[in-house]
Amino acid sequence: MRLLIVEDEVRVAELLGQGMRADGYAVDVAFDGIRGLELAQAGEYAAIVLDLMLPGLSGYRVCEELRRAGNPVSILMLTAKNGEYDEVDALDCGADDFLSKPFSYPVLTARLRALVRRGARGRPAVLSAGDLRIDPAARRCTVSEQQLRLTGKEFGVLECLARRVQQAVAKSEILDAVWDSNFHGDVNIVEVYIAALRRKLSAAGAGCAIETVWGIGYRLVPLAR
């Protein structure tokens, strides 16, 4: 799952990014509203953490521009201001939730999980293929009610494939969804995680498999009963 943080306080943005990456998310960061809007328009994010007071373009304006363009991404607005009118303005401009500074990291991540769980915009809350079930918000994967233990990157790759069951997904698309935008390594790193996932899915009897689509990438398919 990929998140975007738009926050002009560099230390705050870095700490949030470090925490979220440790929790298994891919995270992009922008320090002003103009760059934040560019990233939001170009990428596919599960949610955006958007500060209200930003140089270049305010959080209000970023949110309004995204909604005007029909972008349905979940937005959690942050502000150092207090007062119900700020919250009203944030929600009225299209934000999905609002959090005042200072805040605790567990509260922020719980709010993000709730936004994703509510299913931003028509995406299923729980993904499935065969006996495999993936809950992106809870970061939980099960096979026949038994938890399947995955690393953060393994979970991200499997989630990416499960969002498009029986469709070919290019390696580059998997990289975009699971790795940060500043990753410049070998695209074939995806193969390492695919191999690990194949072993785990087979050992768990998941009722689904990852096929190689030559010249393109991979496809998650249910197995015939």
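## A walk through salt bridges, helices and loops

Let's begin with a pair of side chains: Glu38 and Arg35 form a salt bridge, with their closest N and O atoms 3.4 Å apart. A salt bridge here is a side-chain nitrogen of Lys or Arg within 4 Å of a carboxyl oxygen of Asp or Glu. What you're looking at is a predicted model, where local features need pLDDT of at least 70 and side-chain atom pairs count only at pLDDT 80 or more, while totals for chains, interfaces and linings use all residues. Residues are numbered from 1 along each chain as its sequence is written, and side-chain values use heavy atoms, leaving out hydrogens and water.

Back to our pair. Glu38 and Arg35 both sit in helix H2 (residues 33-42), three residues apart, which is about one turn of the helix. Helices (H or I, at least four residues) and strands (E, at least two) are DSSP runs, numbered from the N terminus. Side chains of opposite charge can then pair when their charged atoms come close. Glu38 counts as partly exposed because its relative accessibility is 41%, and Arg35, at 40%, is partly exposed too. The cut-offs are these: buried means under 20% relative accessible area, exposed over 50%, and partly exposed in between (1.4 Å probe, protein chains only).

Now slide along to helix H3 (residues 59-68). Arg68 and Glu65 meet there in a salt bridge, 2.8 Å from N to O, and, being three residues apart in H3, they are separated by about one helical turn. Arg68 is exposed, with a relative accessible area of 59%, whereas Glu65, at 23%, counts as partly exposed.

While you're in H3, find Cys63. Is Cys63 buried or exposed? At 0% relative accessibility, Cys63 counts as buried. Leaving aside neighbours within four places in sequence, Cys63 is in contact (heavy atoms within 4.5 Å) with Leu50, Ile75, Met77, Cys93, Gly94 and Ala95. Take Leu50 from that list: Cys63 and Leu50 are 13 residues apart in sequence and 8.3 Å apart in space, C-alpha to C-alpha.

Asp28 pairs with Arg2, the closest N and O atoms being 2.6 Å apart. This one links distant parts of the chain, with Asp28 in strand E2 (residues 26-30) and Arg2 in strand E1 (residues 2-6), 26 residues apart. Both Asp28 and Arg2 are buried. Elsewhere, Glu7, Glu9, Asp51 and Lys101 are linked in a network of salt bridges. How many salt bridges does a search of the whole structure find? It finds 14.

Lys101 also leads us to something in the backbone: a cis peptide bond joins Lys101 and Pro102, with omega about -5°. Pro102 lies in the loop between strand E5 (97-100) and helix H5 (105-117).

Next stop, helix H6 (residues 152-162), which packs against helix H7 (residues 171-178) at an angle of about 125°, with their axes 9 Å apart. The axes are lines fitted to C-alpha atoms, for helices over the stretch in contact, and angles run from 0 to 180 degrees between N-to-C directions. H6 and H7 are therefore oblique to each other; angles under 35 degrees count as roughly parallel, over 145 as roughly antiparallel, 65 to 115 as roughly perpendicular and the rest as oblique. On the H6 side, Lys153, Gly156, Val157, Cys160 and Leu161 meet Glu173, Ile174, Ala177 and Val178 in H7.

H6 has another partner, helix H8 (residues 189-204): their axes come within 10 Å and cross at roughly 80°. H6 and H8 are therefore roughly perpendicular to each other. Here Lys153, Glu154, Val157, Leu158 and Leu161 in H6 meet Tyr193, Ile194, Ala196, Leu197, Lys200 and Leu201 in H8. H6 is mostly covered, with nine of its 11 residues buried.

Let's finish in two loops. Gln166, between H6 and strand E10 (169-170), has a positive phi of about 70° although it isn't a glycine, and Gln166 is exposed, at 54% relative accessible area. Ser144, in the loop between strand E8 (140-143) and strand E9 (146-147), has a positive phi near 50°, and it isn't a glycine either. At 47% relative accessibility, Ser144 counts as partly exposed.
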